[in-house]
Amino acid sequence: MKPEHEILASLQKNQLVNHEVRRTTDEVDSPWYIKILMGVSGWFAALFILGFFGVAIVSLFENTIALIIVGLAMIAGSYSLLSSKKSEFFEHLCLGFSFAGQALIVFALFNQGDLKDITNWIMLSLMCGSLAIVMPSYIHSLVSACLATLCFSYLMYLVGLPSFFSGVALFLVASIWLFEFTFSYHVKKLQAIGYGMVIGLMQFKTSILFSQGGQTWAQDMVPYVNQWLDEGLNILVLIYIVVQMLRHKSLLIARANCLIGMAVVMLFCIGSFFANGIIVGLTLVLLGFANQNKTLLVLGVICTLINLSSYYYFLDITLLNKSLILVTMGALSLLLMVLNKRLPAGKVL
């Protein structure tokens, strides 16, 4: 077997590698229980240090500008340590400091302002999104991406466009998972951002299922989402994903099978149009299956099952009509499966 440097030189000579290859240093991979111990220790250390600052500098919380400056300094310090130190203890310690700095900034923005101030939510969305991209930590990028998605969802609610949120977020999620290997040096970063956005999108689509008394976490009524516009945009994103996948596999899949695949997708879209969140779950399942990503596949299945369980409760038709819809969908699915098995193989686009 050839040494690593000879393989890399051969790839560069044949122009298969266009960028300089980053040399990785040998890092000791600690056992999982050591990682957990170091993580818990880091969070405890961060909490104790923050408690010291909170007791020693009580007047700090009365000055908005000072709070923002201290919060930014804590985030910058966390970034510096995360870039230089590669250990579980320092990573979680920096995570605690960074999230505490963000909490100080949030407290400064909303301490004397209105909770529905659009400018503050724009700043929070940009801050969390920037941290998800910049921070050299997988966990930090994931959590920041999730928080950015949630802040953006509430921002869309404040500007009166909540029906557009899931379509925009789903398109961004699909773009990340369809082209995650295009940027070979940033796969982990894209995966962390993708998982965070998926979790935030799932929370938005399922929030109505867990709301109590018709209120959200902001003590407002659940925002009205136009079903036609919301699910219509999700269907367009799903069709875009299917077209991209079929185009990528055009030499391996027969034309008749491509048409059957599109027919099955449209069948599910029509049958679940008035069922909130099922199309999003189906999209995540499709992306997870296409990328052989078990985590994304499990998240898609969970999203589908949660929203499918609410199908009978939120679809405003009789139980008889619901049953007829399910029977029709099942019969058509079986018919398409039988046709798929009897079609001759070998016909390609």
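Reader: Is Ser153 buried or exposed?

Author: Buried means under 20% relative accessible area, exposed over 50%, and partly exposed in between, with a 1.4 Å probe and protein chains only. Ser153 has a relative accessible area of 10%, so Ser153 is buried. This is a predicted model, where local features need pLDDT of at least 70 and side-chain atom pairs count only at pLDDT 80 or more, while totals for chains, interfaces and linings use all residues. Residues are numbered from 1 along each chain as its sequence is written, and side-chain values use heavy atoms, leaving out hydrogens and water.

Reader: Where does Ser153 lie, and which residues does Ser153 touch?

Author: Helices are DSSP runs (H or I, at least four residues), numbered from the N terminus. Ser153 lies in helix α6, residues 138-158. Contact means heavy atoms within 4.5 Å. Not counting residues up to four places away in sequence, Ser153 touches Phe165 and Phe204.

Reader: Which residues of α12 are buried?

Author: An α-helix has 3.6 residues a turn, so residues three or four places apart point the same way. In α12, the buried residues are Leu296, Leu299, Gly300, Cys303, Thr304 and Asn307. They cover an arc of only 135° around the axis, so they are on the same side of α12; the arc is taken from the directions from the helix axis to the C-beta atoms. Lys294 and Leu305, on the other side of α12, are exposed.

Reader: Which residues is Leu284 in contact with?

Author: Leaving aside neighbours within four places in sequence, Leu284 is in contact with Val173, Val198, Met202, Leu296 and Gly300.

Definitions and conventions: Helix = DSSP H or I, 4+ residues; strand = E, 2+ residues; numbered from the N terminus.
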